[in-house]
Amino acid sequence: MPETAVTPPFPRPGWLLTQNREMKAIGVWNWTLPAWAGRLSDGRTYNTCPSAGICRHVCYARNGTYLWPTARRRHHANLAFVLDDLAGWEDAMTAELGARRYHSAWIRVHDSGDFFTDDYLRAWLRICRARPGHTFYAYTKEVTRFRRLVEPNPPPNLRWVYSYGGTQDHLLDPAVDRVADVFPDEAAIAAAGWSSQEASDLLAVIGPRLVGIPANRIPRYLRTLAGRRFSHWQADEDTHRHAHPARGAAPAGTAKRAATATGETGAAR
Ligand code: SF4
């Protein structure tokens, strides 16, 4: 009997890493997941940013080109690969990094999404160790996960910066940790005595430890930001949530969505 060809809902991407003009200029390749919470076309729900806080209200990756159907399909395919076959994805990523086009390149882990489970983070740690000729870097809001799994013995070729605007901000110590905060503009960064990464994204991990990021010039996001820094906005939100626990709770279904996609219970949010 002839076999019937079945088109998989999430075709495996030809290349896992991509590069836009801005990243190309600084020699960086990028791995992307869909941002925050959503639903795959097969009905599964996900939350790739379980420790996102106020950042989700002004998330650059929930706007503009990230919402184009081809981009969303691509990001969903990336996530589906990770969720459906983590070991296969790890093998594919490790193998791909051997390609000539990545010679001496930097790899940015996520321009959206985060290290949403322990297993996924461990896979990246193994990839870093398997590819010592590359330097990997990431912004993350997964503070407790990094404290547990990375900080005690980080791969020498992995650099990271903790980014404000998440539910674990209160665990960060700017006197010790490398931290990134979003400011309304460059003037606000300079006034605070922080160092802008605007000239190159790599400054977030190789420049001064207090990293200022100017807010995206998206009018509705700027209105929502209302002149605040992410760290201050999140602190206000935390204070409000403690005063009014029910009103500060995550949107209905968020925790369930996170658990469904990641296989974890008790999501950080
Ligand atoms: S952690 Fe980053 S990608 Fe996720 S919701 Fe916040 S800003 Fe968006």
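Visitor: Which residues surround the ligand?
Guide: This is a predicted model. In it, the ligand is surrounded by A35, W36, C49, A52, C55, R56, C59, A61, S112, G113, D114 and K141.

Visitor: How do the residues of that shell divide into nonpolar, polar and charged?
Guide: Seven are nonpolar, two are polar and three are charged. Asp, Lys and Arg count as charged, and the shell includes R56, D114 and K141. Gly counts as polar, and G113 is one of the residues around the ligand.

Visitor: What makes V182 buried?
Guide: A residue is buried if 20 or more other C-beta atoms lie within 10 Å of its own. V182 has 25 other C-beta atoms within 10 Å, so V182 is buried.

Visitor: Where does V182 lie, and what does V182 touch?
Guide: V182 lies in strand β7. Not counting residues up to four places away in sequence, V182 touches G165, I213, A215, R229 and F230. I213, in β9, also stands opposite V182.

Visitor: Why is strand β7 described as largely enclosed?
Guide: Five of the five residues of β7, residues 179-183, are buried, so the strand is largely enclosed by the rest of the structure.

Visitor: Which residues cover the two faces of β7?
Guide: In a regular strand the side chains alternate between the two faces of the sheet. In β7, V179, D181 and F183 are on one side, and A180 and V182 are on the other. These residues are all buried, and both faces are covered.

Visitor: How do you know that β7 pairs with β6 and β9?
Guide: Two strands pair if there are at least two bridges between them. Strands β6 and β7 have two bridges, in the parallel sense. Five bridges join β7 to β9, and these two run parallel. Both pairs therefore meet the cut-off. A180 in β7 stands opposite S163 and also opposite V211 in β9.

Visitor: What is the order of the strands in the open sheet?
Guide: The seven strands follow the order β1-β4-β5-β6-β7-β9-β8, with parallel pairing.

Visitor: Why do β1 and β8 count as edges?
Guide: Each has a single partner strand, so one side of each is left without a neighbour in the sheet.

Visitor: Which residues have the most contacts inside the largest nonpolar core?
Guide: They are I107, Y120, W124, F136, V161, A180 and V211, in a core of 56 residues. Helix α4, residues 118-130, gives the most to this core, with six residues.

Definitions and conventions: Residues numbered from 1 in each chain as written. Predicted model: local features only at pLDDT ≥ 70, side-chain atom pairs only at ≥ 80, totals over all residues. Buried ≥ 20, exposed ≤ 12 C-beta atoms within 10 Å, placed from the backbone. Helix = DSSP H or I, 4+ residues; strand = E, 2+ residues; numbered from the N terminus. Near = placed C-beta within 6 Å. Core = buried A, V, L, I, M, F, W, Y, C linked by C-beta atoms within 7 Å. Contact = placed C-beta atoms within 7 Å.
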